[in-house]
Amino acid sequence: MTLEEFFSQAKSELIRANKDRRHPFRTLVLATKAEYPGVRTVVKRRTLDDLSTLIYTDQRTPKVGEIKLNDQASLLWYHDKKKFQVIINAKIQILTEGELFEKHREIALRNAKDYSTRSAPGSALSESDYRYGANEHFCLLHCHPISIQLLQLGKERHWRAVFHQKGNWKGQWLVP
Ligand SMILES: Cc1cc2nc3c(=O)[nH]c(=O)nc-3n(C[C@H](O)[C@H](O)[C@H](O)COP(=O)(O)O)c2cc1C
């Protein structure tokens, strides 16, 4: 396998998951910097041609506060059947206006309830029930890739490489 083929494999799996809701890359683990590393599962709404990732969330979630303090984050995908791991280190832009935001807000608001709990997500409750309010707090996280690290486990051997955006995605093999 060449570095170019390895990179293409990651790109095509990510793009495939744009349409295929059952693809394992449909969800990812988003890690942000906080007192403890902040990790959570989110849906990958879209991978764009420049390999940036779009995530939908509620502006009031703790992760948005964490990103406002530090825009560096890591995004992790794992394909269990193919034993293929993709990690993207990224800088996240929080979008609450603009063309990209408006386009995705329209799609997101088909599930408006997700972004309109009366109290902020993560707030303490005195009982398990919670309520929805009239306001919607949708925001779009646009994750711009800085580097991409790939790991492919195999029976005969493993493959690992890192690619940097600054080097126009030129890759470097690594010891797995
Ligand atoms: C399968 C799955 C998909 C999820 N997708 C999203 C998502 O797209 N956006 C989101 O904000 N939270 C999503 N969540 C909830 C997050 O994991 C998390 O609980 C929530 O966003 C609050 O995170 P925070 O307190 O770290 O900000 C999802 C959870 C699961 C289990």
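**From a ring pair to the ligand**

Modeller: With a relative accessibility of 0%, Phe6 counts as buried (buried is under 20% relative accessible area, exposed over 50%, partly exposed in between, with a 1.4 Å probe and protein chains only). The model is predicted, so to speak of local features pLDDT must be at least 70, and side-chain atom pairs count only at pLDDT 80 or more, while totals for chains, interfaces and linings use all residues. Residues are numbered from 1 along each chain as its sequence is written, and side-chain values use heavy atoms, with hydrogens and water left out.

There are eleven aromatic pairs in the structure; rings of Phe, Tyr and Trp (its six-membered ring) pair if their centres lie within 6.5 Å, and planes under 30 degrees apart count as stacked, over 60 as edge-to-face and the rest as tilted. Phe6 and Trp173 form a stacked pair, because their ring centres are 5.6 Å apart and their planes stand at 20 degrees. This pair links distant parts of the chain, 167 residues apart: Phe6 is in helix H1 (residues 3–19) and Trp173 in strand E9 (residues 170–173). Helices (H or I, at least four residues) and strands (E, at least two) are DSSP runs, numbered from the N terminus. Trp173 has a relative accessibility of 33% and counts as partly exposed.

Tyr115 and Phe138 make an edge-to-face pair, with 5.2 Å between the centres and 75 degrees between the planes. That pair too links distant parts of the chain, 23 residues apart, with Tyr115 in the loop between helix H3 (99–108) and E7, and Phe138 in strand E7. Both Tyr115 and Phe138 are buried. Ring pairs also join Phe6, Phe25, Trp77, Phe84, Trp159 and Trp173 into a cluster.

Strand E7 (residues 138–152) leads on to E4, since the two pair in the antiparallel sense over six bridges; strands pair if DSSP finds at least two bridges between them. Here Cys139 of E7 stands opposite Thr57. Six of the six residues of E4 (residues 53–58) are buried, so the strand is largely enclosed by the rest of the structure. Thr53, Ile55 and Thr57 point one way from E4, while Leu54, Tyr56 and Asp58 point the other way.

E4 also pairs with strand E3 (residues 46–47), in the antiparallel sense and over two bridges. Thr53 in E4 is the bridge partner of Thr47. The hairpin of E3 and E4 has five residues between the strands, and Leu51 in that hairpin takes a positive phi near 70 degrees.

Tyr56 and Thr57 are also among the residues that surround the ligand, including Thr41, Arg45 and Lys63, where a residue counts if one of its heavy atoms lies within 4 Å. A polar backbone atom of Thr41 is 2.7 Å from an oxygen atom of the ligand. A nitrogen atom of the ligand is 2.8 Å from a polar backbone atom of Tyr56. The elements giving two or more residues to this shell are strand E2 (38–43), E4 and helix H2 (62–69). E2 gives the largest share, four residues.

Terms used:
Polar contact = N/O pair within 3.5 Å; in protein donor to acceptor, adjacent residues only side chain to side chain.
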